[in-house]
Amino acid sequence: MLVREKHMDRGEQVSGAWAAIREGLKRDCGARLFDHWLKPIMLAGMSDKGDVVRLTLPTEFHANWVRAHYADRLLLAWRAALPMVREVRIDVAPNDIVTRVYTADEAEVAPTAPPAPGFDTRQTFERFVAGDENRVAFNAAKALANGELRFSPLFIHSATGQGKTHLMNAIGAAYRARVPSATILFMSAERFMVEFVSAMRDKDTLTFKSRLRSADLLMIDDVQFISGKGSTQEEFLHTLNELTGAGKKVVISADRAPQALDGVESRILSRLASGLVVDIKPATFALRLKIVKAKLATMADVQMPEAVAELLAARIQTSVRELEGALNRLTAYALLNDRAIDLAFAQEVLGEMLNASTRRITIDEIQRAVSAHYGMRQAEMVSARRARAVARPRQIAMYLAKRLTPRSLPEIGRRFGGRDHTTVIHAVKQIERLRGEDADLDADVRTLIRQLEA
């Protein structure tokens with residue numbers, strides 16, 4: 001009896017160690033990389049002595065990638081959790097996947113079925129910030145998840161980092177909540193190709209086809225990567241036809257519209273375009289600011305001035321994902337260093353990111369925009385005139401040059417008629433103060449920022 005209890009303790013110890021290691025990998029590597037490459041790893045067993053851990057992955061492609069990139073890290077993690085471990089083996093799982101923890105008398109954890117797709121719980125419809133740029137895609141995704149969309153497939157396309165994956169996670173989670181018994185498959189186009197090729201090699205395509213065609217909801221991410229693969233494209237088309245013909249739901253995402261996909265057979269393009277095609281346009285300044293404020297609303301312990309939120313929205317233009325990453329970094333640095341968040345701190349923490357992500361707005365563009373807005377000649381920006389009708393727009397232009405360009409204070413001063421950098425500092429402080437007191441001036445600045453960022 002004591003021996004049995006000892007073995008059960010080891011099983012619990014190994015399972016607990018693996019759970020902690022997985023959490024550490026997800027935290028350190030990020031959700032996207034973890035979900036795609038590391039989440040499929042299964043704990044398959046441990047040797048009698050406890051010095052060898054065996055992990056498995058669903059395909060040789062996955063196993064090779066993890067061996068090449070994470071073998072050392074996994075070994076170190078296991079050694080830190082269980083010092084007796086000397087080796088971690090990474091193999092391909094057999095078709096009948098069973099999770100086992102071996103002990104001396106072969107006690108084992110009960111076999112478990114392969115897990116259902118795990119959707120990112122943070123990426124829900126409630127947390128998706130909708131605007132004019134993404135509203136059609138958002139409404140279509142909700143309608144499909146609620147069983148109200150009769151079109152299939154739903155094809156969502158946008159540039160990287162604009163919210164496609166968020167919507168797909170939200171669809172999957174909401175569909176599962178509505179129909180708990182539904183079979184949902186969510187995979188990348190790359191994984192579709194790898195699994196199909198593996199099935200062909202093993203002469204077991206029937207199992208692959210049966211699994212996909214049994215889905216009530218099939219979601220394929222980044223379908224542009226399926227281009228140029230003849231037999232894979234053929235199977236992909238058959239799968240689409242089978243599912244849509246049976247009234248099942250299919251969601252496809254890509255970085256461009258169906259007609260713009262290169263190397264994809266015309267039959268597939270026609271099928272993809274036959275459902276509902278929706279796009280997500282790049283977020284404008286207004287939507288980016290809305291996203292920042294929505295995320296801040298979930299951070300009760302973070303205080304951020306409006307000017308900093310606007311700085312992030314104005315300068316991080318590449319993608320919504322990068323915008324959220326910048327916000328996370330800034331708030332984390334503030335909390336870890338017990339610092340208040342202000343413009344100077346934001347520039348200190350995010351300097352390179354702010355400069356790299358922004359479109360290269362020039363001081364000349366700013367001067368032209370401000371001059372046109374206030375009905376004055378651009379030459380007056382560099383003149384010696386100090387009349388209020390000229391001086392105030394000039395200060396606004398200096399303020400925008402400091403906020404929207406990477407130029408130094410002395411350089412900005414030179415571009416405004418050879419003025420000293422202290423004049424620029426005064427202008428920036430003056431406009432920051434007036435924005436909090438003068439609603440009309442604040443509205444002018446907001447309008448100019450939107451115009452310059454468009």
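Q: Why does Asp216 count as partly exposed?
A: Buried means under 20% relative accessible area, exposed over 50%, and partly exposed in between (1.4 Å probe, protein chains only). Asp216 has 22% relative accessibility, so the residue counts as partly exposed. Before we go on: this is a predicted model, where local features need pLDDT of at least 70, side-chain atom pairs count only at pLDDT 80 or more, and totals for chains, interfaces and linings use all residues. Residues are numbered from 1 along each chain as its sequence is written, and side-chain values use heavy atoms, with hydrogens and water left out.

Q: Where does Asp216 lie, and which residues does Asp216 touch?
A: You will find Asp216 in the loop between helix 7 (205–213) and strand 6 (217–221). Here helices (H or I, at least four residues) and strands (E, at least two) are DSSP runs, numbered from the N terminus. Contact means heavy atoms within 4.5 Å. Leaving aside residues up to four places away in sequence, Asp216 touches Tyr175, Ala182, Thr183, Lys248 and Lys249.

Q: What makes helix 8 and helix 9 roughly parallel to each other?
A: Axes are lines fitted to C-alpha atoms, for helices over the stretch in contact, and angles run from 0 to 180 degrees between N-to-C directions. Angles under 35 degrees count as roughly parallel, over 145 as roughly antiparallel, 65 to 115 as roughly perpendicular and the rest as oblique. Helix 8 (residues 230–245) and helix 9 (residues 266–273) pack at about 30°, with their axes 10 Å apart. The two helices are therefore roughly parallel. Residues making this contact include Phe236 and Leu237 of helix 8 and Ile268 of helix 9.

Q: What makes strand 4 and strand 7 a pair?
A: Two strands pair if DSSP finds at least two bridges between them. Four bridges join strand 4 (residues 154–158) to strand 7 (residues 249–254), and these strands run parallel. By that definition, they pair. Leu154 stands opposite Val251 in strand 7.
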